[in-house]
Each structure stands twice: as C-alpha cells, then as structure tokens.
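Hi there,

Here is the structure I promised to pass on. Please have a look at it first, and then read on for what turned up.

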Amino acid sequence: MSKKQDALEYHSSGRKGKIEVVASKPCLTQRDLSLAYSPGVAEPCLEIEKNPEDAYKYTAKGNLVAVVSNGTAVLGLGNIGALAGKPVMEGKGVLFKRFADIDVFDIELNTENPDEVIKACQLLEPTFGGINLEDIKAPECFYIEEELKKTMNIPVFHDDQHGTAIISAAALTNALEIIGKKIEDIRIVVNGAGASAIACANLAISLGVKKENLIMCDTKGVIYKGRTEGMNKYKERFAVDTTLRTLEEAATGADVLYGLSSKGAFTPEIVRKLAKNPIIFAMANPDPEISPEEAHAVRGDVLIATGRSDYPNQVNNVLGFPFIFRGALDVRATTINEEMKKAAVFALAELAREECPDSVCRAYGNVKFSFGRDYIIPKPFDPRALLRVAPAVAKAAMESGVARQPIEDMEKYVEHLESLQGKAKEALRMIINKAKADPRKLVFPEGDNEKILRATQILIEEEIAKPILIGNQDKIREKMAELGLDFNGSVQIIDPATFERSEEYAQELFSLRQRKGLTLTEARRIMTRKSRTHFGCMMVHMGDADCLLSGIDTHYPETIRPALEVIGRQPGLSSVHGLYMMVFKKGIYFMADTTVCIEPTPEELAETAILAAEKVRMLDIEPTIAMLSFSNFGSVNHPQAQKVRRAVEIVKQKAPDLIVDGEMQSDTAVVTEMIQKSFSFASLKEAANVLIFPDLNSGNICYKLLHHLGGAEAIGPILMGMQKPVHVLQRGDDVSDIVNMAALAVVDAQNS
C-alpha cells in the first residue's frame, strides 16, 4: 500500500477522523442523568451567572482550546480551504492531548475575511480557555491575532508564527553558547517574510539581536527602505537602509541564516560566504533550504538545524504550543505575552543543556545525546519538556500580571504535570526504538497476506526489522503491485519449493523428528509444500533468520506446534508460556499465562512468573509480581489457593531478587491502598505490574475482557520459554498490532 493509501486508511478506519468527545462524568442511571442535565444542571448555571469565573470550576472551559483555521495556508498545501484543512486541525488536537492533556475542538471557518474570523473567535470566548490560530495566511494572520489579543481575555496564540519562533530562538540561544558568540553582536539574515519568519525576527530582536543587524529577504530579495514591490506594513517594520539587494549579498559575512522559505534557497555559494562558525536554521518543510550533508560538504564549521526528524537539531513546534498553553491555562492567563514566550525559550534552552536521561536516549534508539553541535534543542518526545516549559510559562504569566489564578505551590504543580504523562505510549515507543537500534531478520511464514505486506512496508520504512517473506514469489509480487507497495529490494522473498537450502532443511527436520514418527519423505514434503510455519521455524533454527512471527491466517496451535517441533523450549523448562502486554491509558500490565498452560502445577506457575519477569526486564521495566487467586494470603484454605501459595514459595527460592507475593485477589494486586492498609506485611508495597493467573481459564478470559470492554491495547501473545524467539499473531490483528509484535520479536532476538 502506498503512503497515500496508508494515510487515507489511518484517517478513515474505525471511527472516522482522529478525535472523539468522551464524557468525564458517569451517565448510567436516572440520577446521573438528572445531575448531568435537567434539573441538576441548573445549579452550576446559576453559580456561573453569579460569578463567571466559576465556569472554570463547573465546566471544561479551563482545559479546552479552540484550534481555529480558515484553511488559507495549510502546511505545505497552501490555500486549500477550511474543510480540506480539517484533518490538520484534528491532528493539532491530537498533539495537544498527547503532549499536554489539553482538550481541543477544531473550528474550521469558511471565510477568507479576517474580520469574520475575528468576530467568530470573539463570539466563542465563553466556550474556550484559549485559542490556537492555525494555518491562516499572512498578512491577515497578523491582523487577526493583534485584534483578538486586544479584545479577548483568554490566551490567543498563532502557532505558525510564535511556535517556530520560540523553538528556533531556544536553538539559537544554545547555538551561540556553543560557538562563543553574543546575541547582541551577531548579524542575522532571515529568508522568508511570512508569518513564522516575521515572528522569528521579532523574537530574535526581543532576545537581544540589534534591529540594525537583522536583514529580511523575501522572493523579491532584500526588504530595504524605499522598496514598494510586494510590501506590507509588517514587512515594512524590517526594512533597512542598505544597498544590498539579493540573499547572497545579504548573507555575506552573516553569523546566522534563518530559512523559512523553500527547498534549495541556500546554495553552496551562500553557505561559503557566511561568517566563521555560521549558524543555519533551514526550516522549510518537508525539504529544508539546504540539507546538513550539503552544508557540511561546503564547510566543516557549520552548525545547522532543520525541521526534519531524521536530522539532528529538529526545530519542531510540538516542543512549544502544548506546554505553553498548559502553563497559560493552569494560571488562567488572559494572554500569552512576550514574557511567557521568552520563558518558554529559556526553559527549552536550559533543558537541552541538562544531561539527557537514559529513557529519552532509549526512545531514540539508544543514541546518547549531549549538549553540543548536534544537540542544541530537546527531542520532541522528551517528557521533561512539559515539566520545564509549562511551569516556566505559568511563572512568567504570574510575574507579568496576566495570571488570574496564580499557582501557590510550584512543586506540587510539577507533580500534577507528571501525573498527566501516561507511561503506556512511551513504553511502546521505547520498544519500537529499541528494535530500530539493532534491526534483526524477522521471518513471516504468511508472506502473501495483505496485512503482513502492509506491515512489512512500515517495518522497512521505520527500519524496525529486516523482514523475510515466505510464499510464492509471483503471488507475493502480484499482491504488492495490487496494494501499491514497493520494498525497493529491501525484503527477501523465499519460496520453499525453490529455495536452495530446502533439502538441507528437510534433512535437519528429519534428524529432529525421526524418532517421533517422521520420515524423510514427509520431512521433504513439510519443508517444500505442506507447512510454511515449519519452514520459517527452520530458518530461525538454522540461523537464516533471528525471529519468527506467524498466526494471522492460522489457529494458535498451528504456530506453536511447529515451533516446539523445530526450535523447542529452553532446556530445563517444563513448558512454554504465554504473556500479554496490556496497554492502558495510565499504564502497562503484563498478564500470564494467558494462552498456553491450561492447568499449571505450582512449578509451572513459578516458571511462568520467572520467565515473565525476564521479558518485562527486557523492555526496561522493573517487574513487581502478583500471583493471583480467589484467596488473600491464606484467607481460604482450598487446594487451588494452596497451589498458588506453593508457587510463590518456589519463585522466592529460585529468584530471590524478584518482588513477588501471593496468593492474592486481583483487586488487592492492583490497588496500592488495599495492599498498604490491609496487607502491610506483603512483599509488594504498591500495585503489581505483572499478574500471574492460576490457570488458563482465568488468564485468557481476563485479558480478552480487558481488551474488548476495558479499552486496553493487547500486545501478544508473547511466547516465553522458547530456545529462539517465536511469537504469535491473532487472526483479528491489524497492521499496527503486527508492527508492535514485530518490534517485540526483534527486541527479544536482541536479548537471545
């Protein structure tokens, strides 16, 4: 499937679009209904009528932002109109929620009249705690924001202007520190005169760049005093008295070159003429004005940043707007002023100078980041950004007098912000990036399956794994063409019927199974025609692949049986075991055994717990294990409870370093208060993250209910106890499930 089709399916599959409204209060009973609506709703209405500030107490206003656009300057698409720009605005809402837990309504206005946009926003003020203007063309965007800031008492922020300005200013602050230049001494050239370029120039001056040392260029060349062509009052503010007329002339001897224009605008000759140790911010998207490779090929002293995630020093607006609004909303700021923007700049700059924690490095493939030429700005997925920028913005709002509800205890506020950061998605990203750090050969026996092929495209593009597809080559290539996929020769396609090592594989299978009723003739038939899963397992067994993922077209036992026959379980183990990773909004739980052991013995239960702990640690999560039962620490003296009790004893004997306890009921295991208040003697002092079920019935039923009714994302089953990594897909898995399982399989292979 092409990237176009991937994007279209992403937006259209399941619930259409990318956002939904979720009720934050129960509405299950008649009483709930009477409180949510009539007659109970009258009470908060009357309170708000008496005191409008109570709207922040009784409604969602304080955490609700409007993303407002008329679609006149959408990303790199231009004036495509309000309706066509709606997917972008929904996406902005996703980022607000993901990075700062801010709720968003996207508002697309079908008008190019700036006064109508202004009027619409003014009329919406009772609904929202803030307004994010988005993708509105210059110069109208300047006028709209100026008028709204004058007339409204909630924060109004045009991210296309100020977002880029804030992130690039933080990067500039650190770049100057690294090369040893002072901001008041530098000469800067800004190529571009749109919304973001003008905001970048304004903020640079606010931070100390002398206005006479800044030259702005547009498509007509230098903006100089007396120029009339292509001018407006906003450009006029940057007109300088100079004889320079071209970008190349202006850039000669300049210390800093800001690019907010188009691909290729910075030529090698321009770079060559810059001052010593030049700073280049080539921020055009998706292709910068000059690539880092091109710039470094001209001269080695260039310090360069771009808007691209595949280069160091990405100037990414997501480092700004979610956290700026978070801080502004939390003090009920009436505006986002210059002091707040500068506070965000310095907070981001200082964060990049701190030692980068291992968790962030792991999230980016175990790359070690340290303050220097290739790390002048924090990474977009650095969770510390929220904890630094939002408090800095809130504090600046308080100190500048625009905060209506000052924060009394900043330390407690930071703790509150930490609670907003769900760990689940970060863990998934960490797994994927661990895989990307060292991709392994992953074999798919169902190589002609559409979902497998689409997942393969992602695995290649993201460099998560090195896929091997098993199946008829003509059939697979035909399916690829049908789906619009092109693997560019990056995928090995193997047909067992023609593979040069098939006879060797058959001989090895015969050697493994000759005393278990298998003949050489049958082994040859299995390897060449009968079972692609056996063939894939043999590839792993023989070292031609590192791990296997199968099951999208078959029943669960049809994957496990070949794996046991060819690869086998680890020596000394009584069984293999199944583990599921259950991803909730606020955290991750691991559940075992959910798929293999039907009626485990105490020894097998203990084995399950120890193996589960190993897998969890493989993902850089410290396991705390609860062995589950219907009994709490001897409250019921039943053989089933005694079995679990004995399993706990075995685990503690074999793995004394593990935090494990039981037998315990499931609510005891996951509610910290219950453990601490009623069972303070327990080894567990907080909720467990690894739950070991007493039998397959309970484990299998529980994980499926949590997945389908509890909204948990179920990743698995992860097979434990195999000599080499083999993992199983479910028939209903979608492409994202396959990608997640592939990443887990690769990480497993890295640790094998």
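Let me start with Thr164. Thr164 belongs to helix α8 (residues 159–179); helices (H or I, at least four residues) and strands (E, at least two) are DSSP runs, numbered from the N terminus. With a relative accessibility of 12%, Thr164 counts as buried. Buried stands for under 20% relative accessible area, exposed for over 50%, and partly exposed for what lies in between (1.4 Å probe, protein chains only).

A word on the origin of all this: the model is predicted, so local features need pLDDT of at least 70 and side-chain atom pairs count only at pLDDT 80 or more, while totals for chains, interfaces and linings use all residues. Residues are numbered from 1 along each chain as its sequence is written, and side-chain values use heavy atoms, with hydrogens and water left out.

Now the aromatic rings. A search of the whole structure gives 15 aromatic pairs. Rings of Phe, Tyr and Trp (its six-membered ring) pair if their centres lie within 6.5 Å; planes under 30 degrees apart count as stacked, over 60 as edge-to-face and the rest as tilted. Phe105 and Phe128 make an edge-to-face pair, at 6.1 Å centre to centre and with 80° between the planes. This pair links distant parts of the chain: Phe105 sits in strand β2 (residues 103–108) and Phe128 in the loop between α6 (114–123) and β3 (130–133), 23 residues apart. Phe105 is partly exposed, at a relative accessible area of 36%, whereas Phe128 is buried at 1% relative accessibility.

Tyr580 and Tyr703 are stacked, because their ring centres are 3.9 Å apart and their planes are at 20°. Tyr580 is in strand β15 (residues 577–584) and Tyr703 in helix α30 (residues 696–708), so this pair ties together parts that are 123 residues apart in sequence. Both Tyr580 and Tyr703 are buried.

Which residues do ring pairs link into a cluster? They are Phe96, Phe157, Phe321 and Phe325. Phe321 also has a charge over its face: Lys92 lies there, 4.1 Å from the ring centre. Arg98 lies over the face of Phe99 in turn, 4.6 Å from the ring centre. The rule for a charge over a ring is that NZ of Lys or CZ of Arg is within 6 Å of the ring centre and within 35 degrees of the ring normal.

Phe321 and Phe325 are also among the buried residues of α14. Ten of the ten residues of helix α14 (residues 321–330) are buried, so this helix is largely enclosed by the rest of the structure. Just after α14, Arg332 has a positive phi of about 50°.

On to the charged pairs. Side chains of opposite charge can pair when their charged atoms come close. A salt bridge here is a side-chain nitrogen of Lys or Arg within 4 Å of a carboxyl oxygen of Asp or Glu, and the count comes to 49 salt bridges. One of them joins Glu9 and Arg454, at 2.1 Å from N to O. Glu9 lies in helix α1 (residues 3–12) and Arg454 in helix α20 (residues 450–461), so the pair ties together parts that are 445 residues apart in sequence. Glu9 is partly exposed at 31% relative accessibility, while Arg454 is buried, with a relative accessible area of 10%.

Arg454 forms a salt bridge with Glu450 too, the closest N and O atoms being 3.5 Å apart. These two residues are separated by about one helical turn, because they are four residues apart in helix α20. Glu450 is partly exposed at 33% relative accessibility.

Arg272 and Glu269 form another salt bridge, with 2.9 Å between the closest N and O atoms. They are three residues apart in helix α12 (residues 268–272) and so about one helical turn from each other. There is also a network of salt bridges that links Lys86, Glu90, Asp106 and Glu108.

Happy to go through any of this with you.

Best wishes
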